[in-house]
Amino acid sequence: MLFNSIEYLVFLPVVFLLYRRLDHRAQNLMLLLASYFFYGWWDVRFLFLIAVSTGLDYACGLLIQNGRMSVRERAVASLWTIGSSLVFVTIQWDAASLAEAFRSSFGWQVFAATLAAVAAANTVVPLVGRMPEQRRRRVFVSLSVIGNLAILGFFKYFNFFVDSALEALAAIGLEGEVRHLNIVLPVGISFYTFQTMSYTIDIYRRNLEPTHRFLDLALFVSFFPQLVAGPIERATHLLPAIAQPRHPTREQLWRGAYLILFGLFKKVAIADGVAGTVDQIFSGTGTASWMEVVAGSVLFAIQIYCDFSAYSDIARGTSKLLGIELMLNFDRPYFSRSAREFWQRWHISLSTWLRDYLYISLGGSRAGDGRTYRNLMLTMVLGGLWHGAAWNFVLWGVYQGTVLIVGRLKERVWP
């Protein structure tokens, strides 16, 4: 479901009107159902991936902090994960009849694998309390990060790495046969994967207490305004907003409506308005003049900014209508005076996530200039891969890393 679609034009008022009539806990439950409906509009099967990430991080968060889970907590996480595999994968909702809806062998294989994984996890959990605390914390934060990145890596990067390996073998005169899978990339998986990982990492760093309310965490992972394209919120900010009662002020309602309308204007009138010209310039097979190249580059810069920032505006505006504040994601980036300042203004939620959870974890700027430049380059290359599974995104990351390194060197010579 797109923000600039008729479906969303119907969906949002219905959610808003229901929200205004419910109490706090009922609001959260309704928002969770609405978020799953919103995301499942593309493909209901993708909801299983969100459910798995939620169950995994709920358990890992509690085990990192406490080394134990109550019977109720284990039952909730287990039933949620198993039930999600049954409802979202095993049942074929587009089947012509009820009998055909349960005939998918792949769906039953996923269900059996989920049962086995949940059973194994419940066997291990009672033994966790015997582990030394620091080792236990490292094990479960690693399990959370590896589990989430494995899901992201399979769906987004499997074919990219397979194709790259085959091309590398062909370049040295060898042939390889690796099965190329027909994998559909789930919408927004890069965004909600980074968001849910921040939850367990912050618990590991002792910046956050784990929540015992499973539905609150499920809503944090799937909150529909920013689920598909950000902003990438932190658990330290969004979870408390979900946990406490909310009463949208008149200012939030007016500001939210303004941001939604302004975002729609940027998307429909500006971004979509110049998209045809940009496509015509860059998809042409003939020789383009320098004026056309310059015009295409300028218009593309306008298109990509208005397209992306429009989504963030509508997400923030929608969230304001619900009494929840999301972070500013774009702050006039084209007025930046340096590459470093640009990344402090462009897609702020991603750049700060990469800084706090990747760059600083690599050592940041604490171990000398050489390692600082290495960390900058690795961060930007991985940031490029986050944007897309292709070598042009890797090269884009190398370019951005190089620009940042040159900027730092320039500041040392001409402060």
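This report describes the pocket, the salt bridges and selected surface and loop residues of a predicted model.

The model is predicted, so local features need pLDDT of at least 70 and side-chain atom pairs count only at pLDDT 80 or more, while totals for chains, interfaces and linings use all residues. Residues are numbered from 1 along each chain as its sequence is written, and side-chain values use heavy atoms, with hydrogens and water left out.

**The largest pocket**

The largest pocket has a volume of about 1,200 Å³. A pocket is defined on a 1 Å grid over the protein atoms alone, as an open set of points where a 1.4 Å probe fits, with protein on both sides within 12 Å along at least five of seven lines; lining residues have an atom within 4 Å of a point. The volume is the space filled by probe spheres set on the points, which are joined across faces, edges and corners.

Helices α8 (189-204), α12 (290-321), α13 (339-345), α15 (369-387) and α16 (391-413) each supply at least two residues of this lining. The largest share, 8 residues, comes from α12. Helices here are DSSP runs (H or I, at least four residues), numbered from the N terminus. By residue class, the lining divides into 24 nonpolar, 7 polar and 3 charged residues. In this division Ala, Val, Leu, Ile, Met, Phe, Trp, Tyr, Cys and Pro count as nonpolar, Asp, Glu, Lys and Arg as charged, and the others, Gly among them, as polar.

**Salt bridges**

The structure holds 12 salt bridges, each being a side-chain nitrogen of Lys or Arg within 4 Å of a carboxyl oxygen of Asp or Glu.

| Pair | N to O distance |
|---|---|
| R234 and D356 | 3.0 Å |
| K320 and E325 | 2.6 Å |
| R345 and E341 | 2.9 Å |

R234 and D356 meet in a salt bridge. This pair links distant parts of the chain, 122 residues apart: R234 is in the loop between α9 and α10 (235-243), and D356 is in helix α14 (residues 348-362). Both R234 and D356 are buried, and together with R355 they are linked in a network of salt bridges. Buried means under 20% relative accessible area, exposed over 50%, and partly exposed in between (1.4 Å probe, protein chains only).

In the second pair, K320 is buried because its relative accessible area is 9%, whereas E325, at 30%, is partly exposed. R345 and E341 are separated by about one helical turn because they are 4 residues apart in helix α13; R345 is buried, and so is E341.

**Loop residues**

Two residues other than glycine have positive phi values: R206, near 65°, and H347, near 45°. R206 is found in the loop between α8 and α9 and is exposed, with a relative accessible area of 53%. H347 is placed in the loop between α13 and α14 and, at 0% relative accessibility, counts as buried.

E209 also lies in the loop between α8 and α9 (214-222), and it counts as exposed because its relative accessibility is 57%. E209 and L62 are 147 residues apart in sequence and 8.8 Å apart in space, C-alpha to C-alpha.
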